[in-house]
Amino acid sequence: MQARKKYVLLGLCACCWLLLFYWGGGVQVRLLKLLGQQRGDVVRPWPDWTDRVLLPGYAQLEELQTGPGSAESPRQRHQAWTGIYKDSRCRMETCFDFTRCRRRGRDGFRVYVYPSEKGERGSESYRKILTSIGESRYYTTDPREACLFVLGIDTLDRDQLSGQFVPNLDDRIKGYPLWNEGRNHLIFNLYSGTWPNYTEDLGFNIGQAILAKASLNTEHFRPGFDVSIPLFSKDHPQKGGERGWLVRNTVPPRRKYLLMFKGKRYLTGIGSDTRNALHHIHNGKDIVSLTTCRHGKDWEKHKDARCDHDNLEYERFDYQELLHNSTFCLVPRGRRLGSFRFLESLQAACIPVLLSNGWELPFSDVIQWNQAVIEGDERLLLQVPSTVHAVGNERVLALRQRTQMLWDAYFSSVDKIVLTTLEIIKDRVFSHVSRNKYMWNALPGGLLVLPEYSTHLAHFPFYYLSLGVSPGQEFTAIIHAVSPLVSQSQPIMKLLQVVSKSKYCSQIIILWNSEKPLPPRSKWPPMPVPLTVTDGRRKTSSRFLPNVAIETEAVLSLDEDTVLLTSEVNFAFLVWMSFPERIVGYPPRSHFWDPVKNAWGYTSKWTNEYSIVLTGAAFYHRYYHYLFSHYLPPSLRALVDRTSNCEDILMNFLVSAVTHLPPIKVAQRKQYKELPSPQVRPHPSTVNLTNELPSPQGTKMSAPWANPEHFAQRQECVNSFASWFGYMPLVHSQFRLDPLLFKDQVSVLRKKYKDLERA
C-alpha cells in the first residue's frame, strides 16, 4: 500500500508540474508579446546556435520576404496568396481534366494557343514562348482537340510598375468561353509582385490553371501541378543557344578563382540584406565578391558610406573574365528569388552556389539539382567559403560536367525551356508512359527520350555504356528501292545475295519506292533469311519511318545500287556494336562555313575530315527511326519529300544532335577509280556507295542526282536544318576504323577480312 501511495503521489506531482509548465509558459509568451507591443518591438524566440554567426543587422529569413516598414506576417502573406490563388491545393487529379488528353490515345497531348487580340502588344520573351509552342509537335489550331490551353495575352511581367504590365486580366480571361476556371490552362510568368515586397501576386485569379513560373517559393508551389521555370532575359535565344563553356575532361578541374559574384547591391527593400552582406567574404584573391550601388535612378539618395569604395572595386574586374575563370559562382536572391546569374553560371560551368532560401528550383520535379549546384543558406553566408573549399576535385569536375548537361538539355534556349515544361506536364498526364529520373538526368536528356517508344533504359542506344549492356548480335537490312524490277542482273539482286550471306543478318526489308507497282514475291530470289517487301508510299522520308517489322536493334540502311562485299558488311557491323549510339558506315561527306555567302556549305571533296556518313550504306540504331518520325517537325520531313533529297543529311543532323559526336567511317575496298565530277570532287573511297557519284564505268547515271540542282538542293538543306536546330550539330572527325591488314602472301590465310585489301 505504501508503495502504491508513493507512485500515486509521484504521478500527481508530475501532472501538476506539466500543467504549471504549459499554462505558465503560455502566460510568459503572452506577457512578452504584450510588452513587445507596448515597446513597438518584435519579440523573437531564443536564438539558435546558428544565430551566433550572423552579421550585425543581418535579416532573418522571414524579414527577407517583406519590405521595410511592413508588418505583414508569414500567415498574412499566405492568406493573401490563397486569396489570389483560390485553388492553392490543386493537384492534377483534382484540377485537371484528363479526358481531354486521352481522346486520341498517346497522340492526344495537343496544345492550343488563344489568338492574340487586335492591337495586342506582347513582350519579346512571350512572343518567343508562343513561337516555341507553335513550332512544336504538340501544337494544334483546333481547340476541340486540345489538351492544354495557353493564353494569347502576355502574362510574363505582372509588376504593376512595369511597362509590360497588362491590366484587367481577370475581366479579359473570363471572356474566354473555354476558360472554365482555368482548368487545363497553362500560364507562364517571369515577374510577379511589385515594390516594396515583390510578392508572388500575379494580380489576377489563375483559378485551376497550371502555373509555369520563375522565382517560385516552395511555400506557394503546388507539387506535381505547377512547374518552376528559370528566369531568362529577353535576349535568351529562341533556338539552339550557345554551347556550354566546359571543355571535356578539363584538367585541373579548379579555376583561377575559387568563388565569385559581381552584381547589384540593393540599398533598401527586400533582398538588400543578402546583397549587403556579400562584401564580408571578398578578399580580392581567390574569392571575388563585388557589388555596386550604381543602378536605378535615385541610387545616390540612398548611398551609404561603403558605396564609393564598392563602386571602384567593382570596376576592377571584368564579369566575363570572372565567369570563365571561377570554379564556384554565388547566385544570391535578387528582389525575387530567381536571378539571371543562375543560367549564366550553368552555361559557364561555374558551379552555382545558391543563396535564395525557399526557392523552388527550375524543373525540380525531374532534375536532381544536388548533382549540379551547392545550396547554401542566406543566414550562413560566412560558412560558404569553407564549404566550397572542402569540395574535392573529383566532385568539382562532376558538378561542372552536370551543369553542362543540364544547360545543353534544358536551358540553352527558350525552345528547350518551353518544351521541357510541356514534356513534364505530358508525363503527368500519361504517367503510365513517362520518363524516369535517370532519363531526365543523364545524357542526352529527357527531351530526346520519347517514352512512347519505350520506358526501359536498355532499349535506348545512349544508355548501353552506363548500364553495362551490349546490343544484339544481329541486324536488319533495309534496302531503298526506286528502280523497276526488270532483270535478275540488276544491282539490287547482287546486293541481296551479299547481305543475306552475312552471319549477322537477321532479315531483309525492301522499301519499295518505285513508280511501278510492287512486284510479287515470286520475282525475288530465294533468301537464307526472311525477306519482306513493303510499300514506301513514294515518300523519300519513308525509309526512316518506324517499321514494326524491324526486330533487331541494329539497322543497315542501303541504297539499291550499293556495291559491297559480305566481309565489308560484317566489319562495319562489328564496329557499330562498339559505337551503337552513332552512325557507322562508308560514304563520308562534310560541312563547312562559307564566309563569302555567310552560310553553311556541303562538300564531298577528298579531305581527311568528315562530319556526315551517308545512309546509302550505314548502320544505326532503330530508335533513330522513331526519333526521326516523331521528334523532327513535319516541315522538315515535308522538305525532304518535296525535294526527294537530303533525308540522309537530316538523319546525320539528328544523331549528332543527340550524341554531340561525329559519325564513324569504316574502311572499304577501292575497286574502281572515280572520274571527277564538274560539281564536286568526292572522296575516292566513296565510289559506288553514294547516289552523288558517276557509275563504275564512268558514264553518267540517268537519275535525279545527275542533275546539277541536286547538289544545290543539298546545300540549301544543310542551312534549313541548321536553322531549325538553331545551331550546327554536325561534328567534324578524322577518325576512321580499318581492319588490321598486311599486304604479304604469308598471312593471307590468317586474315579475317582479306578481300578488303584487294584493289
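User: What should I know before looking at the model?
Analyst: The model is predicted, so local features need pLDDT of at least 70 and side-chain atom pairs count only at pLDDT 80 or more, while totals for chains, interfaces and linings use all residues. Residues are numbered from 1 along each chain as its sequence is written, and side-chain values use heavy atoms, with hydrogens and water left out.

User: Is strand β6 enclosed or open, and why?
Analyst: Strand β6 covers residues 257-264 and is largely enclosed by the rest of the structure, because seven of its eight residues are buried. Buried means under 20% relative accessible area, exposed over 50%, and partly exposed in between, with a 1.4 Å probe and protein chains only. Strands (E, at least two residues) and helices (H or I, at least four) are DSSP runs, numbered from the N terminus.

User: How many bridges join β6 to β7?
Analyst: Six bridges join β6 to β7 (residues 287-292), and the two run parallel. Strands pair if DSSP finds at least two bridges between them. F261 has S289 of β7 as its bridge partner.

User: And what about β8?
Analyst: β8 (residues 326-332) pairs with β6 in the parallel sense over three bridges. There, Y257 stands opposite S326.

User: Switching to helix α20, which residues are buried?
Analyst: In α20 (residues 634-643), L636, R637, L639, V640 and T643 are buried. They lie on the same side of α20, because they cover an arc of only 150° around the axis, taken from the directions from the helix axis to the C-beta atoms.

User: Which residues are exposed on the other side?
Analyst: P634 and R642 are exposed there.
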